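Subject: Structure handover

Hello,

I am passing on a structure for you to look through. Please open it first and keep it beside this email as you read.

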Amino acid sequence: MGVDEEKSEGEGKVWSLCRMPKLWQMSSGNGNGSSSSSSSSSMGNNNVYQQTPSSERSAVTSSNAFFSMAKSLLPARRRLRLDPSNKLYFPYEPGKQVRSAIDIKNTSKSHVAFKFQTTAPKSCYMRPPEGILGPGESLIATVFKFVEPPENNEKPMEKKSRVKFKIMSLKVKGETDYVPELFEEQKDEVTVEQILLVVFLDSERSCPALEKLKRQLAEAEAALESRKKPQEETGPRIVGEGLVIDEWKERRERYLAKQQVEGVAPT
């Protein structure tokens, strides 16, 4: 009996040492638990699969929003080169209308429409206020502004103007005629080229900026006068449908008509 008891006690100790952990017992010993866990995992997997399309859509939306935001932060590609680049110089003459000038050149490979805007349309205007430039084409625009006299004890040259000018550009197809609706119909494609600030110059003191302004104004006036003059005719004029009339023939016909009148008059 003592031996049997010792054996049983020894076997019990061996089995107690060989017992499995509780975690394993719970997972393997309880079949219902394993089935419930597997079913819950399968349900979780199904939920993941069901939610995948919406998550993908949200990811695509967020990525598009990110790219659009990044694009808006990037500097716009310039189509025009301005000279001066960011300022308009005016001679300071209180109570008078003064002029400034800016050279606008199309540096792109396509036709570009440009347009001026100002915060003071009643006291400022541009000539021309808009137009279309071909590739490499340039012009000098003239800007007119009325200078208000200084107030109180303000020194003349310390007067600052809050007036600003904005130049916008728009790529157009071919030799398109400019119409005011261009910028409104394609406002998403419009680029703000530059915001121009007003700087006053002492008209009685010579400086490089003032001398350059005088040259640009003279070039603008010369270009305006050349546009006003009719184009000189080089070669014979075409009248009607292919009828060529040169100056010599016109003089000869007038001379013959005069001779006939003089010959008939005495009789």
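Predicted model: local features only at pLDDT ≥ 70, side-chain atom pairs only at ≥ 80, totals over all residues.

Residues are numbered from 1 along each chain as its sequence is written, and side-chain values use heavy atoms, with hydrogens and water left out.

The whole chain

The protein has six helices and 11 strands. Helices (H or I, at least four residues) and strands (E, at least two) are DSSP runs, numbered from the N terminus. Of the 267 residues, 21% are buried. Here buried means under 20% relative accessible area, exposed means over 50%, and partly exposed is in between (1.4 Å probe, protein chains only). The protein exposes about 20,200 Å², and carbon and sulfur atoms supply 54% of that area. Accessible areas come from the Shrake-Rupley method with a 1.4 Å probe; for residues, only the protein chains shown count as cover. Among contacts (heavy atoms within 4.5 Å) with a separation of 6 or more, 70% are between residues 24 or more positions apart.

Aromatic pairs

Rings of Phe, Tyr and Trp (its six-membered ring) pair if their centres lie within 6.5 Å; planes under 30 degrees apart count as stacked, over 60 as edge-to-face and the rest as tilted. By this rule there are three aromatic pairs. One of them joins Tyr 92 and Phe 200, which are edge-to-face, with 5.1 Å centre to centre and 75° between the planes. This pair links distant parts of the chain, 108 residues apart: Tyr 92 is in the loop between strand E2 (87-91) and strand E3 (97-106), and Phe 200 is in strand E9 (residues 191-201). Tyr 92 counts as buried because its relative accessibility is 7%. Phe 200 is also buried, with a relative accessible area of 11%.

Tyr 178 and Phe 183 form a tilted pair, with 6.3 Å centre to centre and 50° between the planes. Phe 183 is buried, at 5% relative accessibility.

Salt bridges

Side chains of opposite charge can pair when their charged atoms come close. A salt bridge here is a side-chain nitrogen of Lys or Arg within 4 Å of a carboxyl oxygen of Asp or Glu. The structure holds three of them.

Lys 212 and Asp 83 meet in a salt bridge at 2.6 Å, N to O. Lys 212 lies in helix H5 (residues 208-228) and Asp 83 in strand E1 (residues 80-83), so the bridge ties together parts that are 129 residues apart in sequence. Lys 212 is partly exposed, at 30% relative accessibility, and Asp 83 is partly exposed with a relative accessible area of 30%.

What does Glu 221 form with Arg 99? Glu 221 forms a salt bridge with Arg 99, the closest N and O atoms being 2.9 Å apart. Glu 221 is in helix H5 and Arg 99 in strand E3, so this pair ties together parts that are 122 residues apart in sequence. Glu 221 is partly exposed, with a relative accessible area of 28%; for Arg 99, also partly exposed, the value is 30%.

The side chain of Glu 221 also meets that of Arg 127 in a salt bridge (3.3 Å, N to O). Arg 127 lies in strand E5 (residues 124-127) and Glu 221 in helix H5, so the parts tied together here are 94 residues apart in sequence. Arg 127 counts as partly exposed, at 32% relative accessibility.

Single residues

Lys 145 is in strand E7 (residues 138-146). Lys 145 is buried yet has no salt bridge; the nearest side chain of opposite charge, Glu 148, is 7.0 Å away. For charge, Lys and Arg count as positive and Asp and Glu as negative, while His and the chain ends are not counted. Not counting residues up to four places away in sequence, Lys 145 touches several residues, including Phe 90, Val 163 and Phe 200.

Asp 103 is in strand E3 and is partly exposed, at 25% relative accessibility. Leaving out residues up to four places away in sequence, the residues that Asp 103 touches include Arg 81, Asp 83 and Gln 216.

Regards
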